[in-house]
Amino acid sequence: MRHDPEVQNAISRYQMGLLRVPTAGQSGELLGRGTGSSLEFQEYREYMPGDDIRHLDWSAYARSDQLMIRLFREEISPRTEIVIDASRSMGLGGDHKSLVMKQLAAMFALMSGQLGGRPALFIADDRRPVEHLTIESLNRLDDLELTGSGDLGELLVDGAIPFKRQSVRIVISDFLFPHDPDTLIRKLAAESAALWVIQLLNDFEQDPTPLGGRRLVDVETGGETDMIINQDRIQQYKERLQRLQTSLARASRRVHAPFVTLVAERGLTELCHTDLCQAGILRAE
Amino acid sequence: MPFYFANPLGLLGLLSLPAIAAIHMYHHHYPPLLITGAHLWGAEMQVTTAGRKRERLPITKSLLLELLAALLISLTLANPIFGNTGRVTHLIVVLDNSASMQAVTPEGETFRQAALNKLEERLRSEERDTVLTLMTTGRRIQKLAGPVSWNEARDALAEWKPNETIHDVQPAWDRAVQLAAGQGQLLYLTDHMPEESLRPPDEMEIISVGQKLANVGFTTARWIYDATEQQGLLFLRLANYGRQETELTITGTVKNQELFSRKTKLSTKSTAPIEIPIPGGVGEVRIKLSAPGDALEIDNVVTLIEPKVRTVKVGLTLPEDHPGREPVERIVNALADAEITTGENSHLQISSASTKPASSIREWWLGIGPMSADEANQDQAKDLLGPYLLEKQNPILEGVVLGGVVWGGAQAWPYEVIPMVSAGATPLMGRLTGTLTTGFALNIDLARSNLTQSPDWPILLMNLIEERRNALPGLSRWNYRLNEDIQFRLYEGLVDPDEEQAAPLTLVSETDTKPVLRSEVVFISAQEIPGVYTIKSGENIFGKFAVNFFDPLESNLSNLRPGRRTAAKKPVQLFALDDPFSWLILLGSALILLAVLVDWFVLKPKVRSS
């Protein structure tokens, strides 16, 4: 996946849109939310004992006879934690959904690596402890099988994902499992520097068409039911999906996290160019 | 509001409901569609545990429509009837079963067919669900069918063939009134409007389809056989019931070979006898009468069976000087079918009354006094002039009056008898008791009596010989009228000689074979169909007899007239055809359906919603 043409094309054309978001981390190319040692001036304040005297503004002292400290924005190199939903539902609808999910994960990992960060890729499935990939082991994505039957909510409750404080978290899932969006997003955002929420659906999940009588089989639980998939049913489904997406978006806004819904069939290139850039997750170089 | 099903068997169609459900359950599977986020589809997913596998019945529009259609069809077939909406009328039809209903009109239609046409016409004006009970008049009232629909009644009517001689129709009317029980309508179909004096039931409608028609027919036919001459004589009586003189042709055939043919003219409303000699040994002859414009066929044909000679052998053992010997010989010799024999195989033994015969069930015996030859007893014997007391019911004394007879030489009885003729307290003739022999004794001294010179003497002897002849095994008559009972002796004695062979006794006609009970005296009830009947014992033919239609009153079609009398009161009330099991069938079907659903919902495997 590291050498996927679309991924390579994306990382050459876009970079992560983190600058607009105050963050924290080790010294690097990105700016944190607090003051630090970067060269970008932020503000003045009065000198207090214990302040680094190298930051005293002697010119200001000469003009106002007051000791003023020049405060600079902290420059960090962020820790990026990418969580991909490896449940069976991510493999539905052909290969598009799983492929795009892997491409997104690889893209964000490589972009984070280019910034000097140390990306961690958590594969959320039924295995404990959760498998986590580094940029060196990114090729493992190629062989990744989507066999999980649990959901993200269960993982967070279990504390199965070893999140680091002040990390940038990117969560890729279809979010189609029963959950409370507020609770889920709050837990994902807890102690993070930033959170990006990406809902990845296939075309049928986003815009189903009438199929007549079908035996619906839940790919994760094995539950079954018979249903006539007609316009009425589809309309009801769309209304429920819309409510879910609205709830996820509102919960994400509360923690200053962008939320975007992607339809896998449109392909990575198109998604990067439109949806991800519009959401501010990527920006063109 | 009364509610019932006219055709409760239609409710069996409800069994199609669980069948449809089963078909949907097991054969109407949808193609699978893998999804996630089932809660967004508003579906409650079920995950079956291990063990019993049963699926929820998919409640689809298709299933509901099919169940609804099956329910409606079943209910339609069951023909539910609410209140008076689908009222069923019960029509009890009494059919005149007299033979005149077979008469053919100049248009070529029988009265029978005309009556059925009237019935069909009447039914067209009734409700569609009218049910019929069909019964015929006659000596034995027969119920042809009912209560049945017209279609079923039509089959029963196809078998109806009226052939009764004249009879009382009131018992059939009474039976119809009983059947109606105040709830049904009554209809009497006939060819002759009954007189009001017969008081037909007020609630009965009467339709007569009769009309005056010309007819000729036999009123009597006999075959007399002279054993001495070995020559037969047919005695026929013909009748012309029409209004015009007609020429008759009488044809006799034996085994399809014409034996004789005569033509004669018969004036209007008259009868004429005709005698036709016929050689002996013919066996059976079929005589047919034909005339132009003749309407009724049944009285135009007779079949006669040649009578058999049943000679009674009289064993006469009276002494040569006995005053009764000559009178007995004189009478027996005068009779055609009796002869005097000296052998032991006599049918009737006539001897002196002084000695009681040995007991034997096959023996017939007549003892003629004097009871004792002793002079003292003869001196004490009484000579009587009467009056005489006779047992009139005894067939041996039929026609015997003993008027002016001097009964001389009556002595004291040496044995017990049942008196048949008495004078005061003195029995003069009696039947023996305490013996199996059928014995009679005359307590008389014919030398002192004028009995043998009186007309009573040959009558007495002839009666005795005829009784003996009737007691011989075999048919005593060979030609009967319709509706006449047949009786004959199968064997003499207490034991059936063929009992060991257990040969079944059967009565064989042209159309069927009926079993007959074996006994010493066989009784065959009156036959209703003219023709030749054969009595068989096993494979052996025991005898043959013929039954013919003779009924001048029924043959006379000149009094028939059409007519109609409406019912004075018309009790049109609900006749519930409801089968008492219809609700049980409905309840059973509902329980089956309920059981299927309960079994489905209660015993289904544990599920968990996804």
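**A guided reading of chains A and B**

With 11 C-beta neighbours inside 10 Å, B:I541 counts as exposed, because the cut-off for an exposed residue is 12 or fewer. The model in which this residue is seen is a predicted one. B:I541 belongs to strand β32 of chain B, which covers residues 540–548. Leaving aside residues up to four places away in sequence, B:I541 touches B:T534 and B:K536. Its C-alpha atom is also separated by 9.6 Å from that of B:T506, a residue 35 positions apart from B:I541 along the chain.

Chain B contains 10 helices and 33 strands. Of its 610 residues, 32% count as buried. Contacts in chain B between residues at least 6 apart in sequence join residues at least 24 apart in 71% of cases.

One part of chain B that can be followed strand by strand is an open sheet of 6 strands, in the order β6-β5-β4-β7-β8-β33, with mixed pairing. At its edges stand β6 (142–148) and β33 (562–565) of chain B, each of which pairs on one side only. From one strand to the next, the twist averages 15°.

Helix α3 of chain B, made of residues 111–124, lies across β4 (90–95), β7 (185–190) and β8 of chain B, and it runs at about 135° to β8(B). Helix α4 of chain B, residues 150–158, lies across β5 (131–136) and β6 of chain B, at about 165° to β6(B).

The mean pLDDT of chain A is 83, and 88% of its residues reach 70 or more. Where pLDDT is low, predicted coordinates should not be read in detail.

Chain A also has an open sheet of 6 strands, ordered β6-β5-β4-β7-β8-β11 and with mixed pairing. The edge strands here are β6 (131–133) and β11 of chain A, each pairing on one side only. The twist in this sheet averages 20° from one strand to the next. Inside the sheet, strand β7 (residues 167–173) of chain A runs parallel to strand β8 (residues 192–201) of chain A, and 7 bridges join them. In this pairing A:R169 stands opposite A:L195 of β8(A).

Two helices of chain A also meet. The axes of helix α1 (residues 5–13) and helix α8 (residues 268–278) of chain A come within 9 Å and cross at roughly 25°. Angles under 35 degrees count as roughly parallel, and α1(A) and α8(A) are therefore roughly parallel to each other. On the side of α1(A), the contact is made by A:E6, A:N9 and A:A10, while α8(A) supplies A:L268, A:T269 and A:C272. The residues of this contact divide into 3 nonpolar, 2 polar and 1 charged.

It remains to see where the two chains meet. At their interface, 27 residues of chain A are in contact with 22 residues of chain B. On the side of chain A that touches chain B, β9 (212–218), β10 (224–229) and α7 (231–254) of chain A each supply at least two residues. The largest share of that side, 6 residues, comes from β9(A). Sorted by class, the side of chain A that touches chain B has 11 nonpolar, 7 polar and 9 charged residues. Strand pairing also links the two chains: β9(A) pairs in the parallel sense with strand β2 (residues 32–35) of chain B over 4 bridges. Here A:V217 has B:L34 of β2(B) as its bridge partner.

Definitions and conventions:
Residues numbered from 1 in each chain as written. Chains lettered and ligands numbered in written order. Predicted model: local features only at pLDDT ≥ 70, side-chain atom pairs only at ≥ 80, totals over all residues. Contact = placed C-beta atoms within 7 Å. Nonpolar A, V, L, I, M, F, W, Y, C, P; charged D, E, K, R; others polar. Pairing = 2+ DSSP bridges. Buried ≥ 20, exposed ≤ 12 C-beta atoms within 10 Å, placed from the backbone. pLDDT = per-residue confidence, 0-100. Axes fitted to C-alpha atoms, helices over the stretch in contact; angles between N-to-C directions. Parallel < 35°, antiparallel > 145°, perpendicular 65-115°, else oblique.
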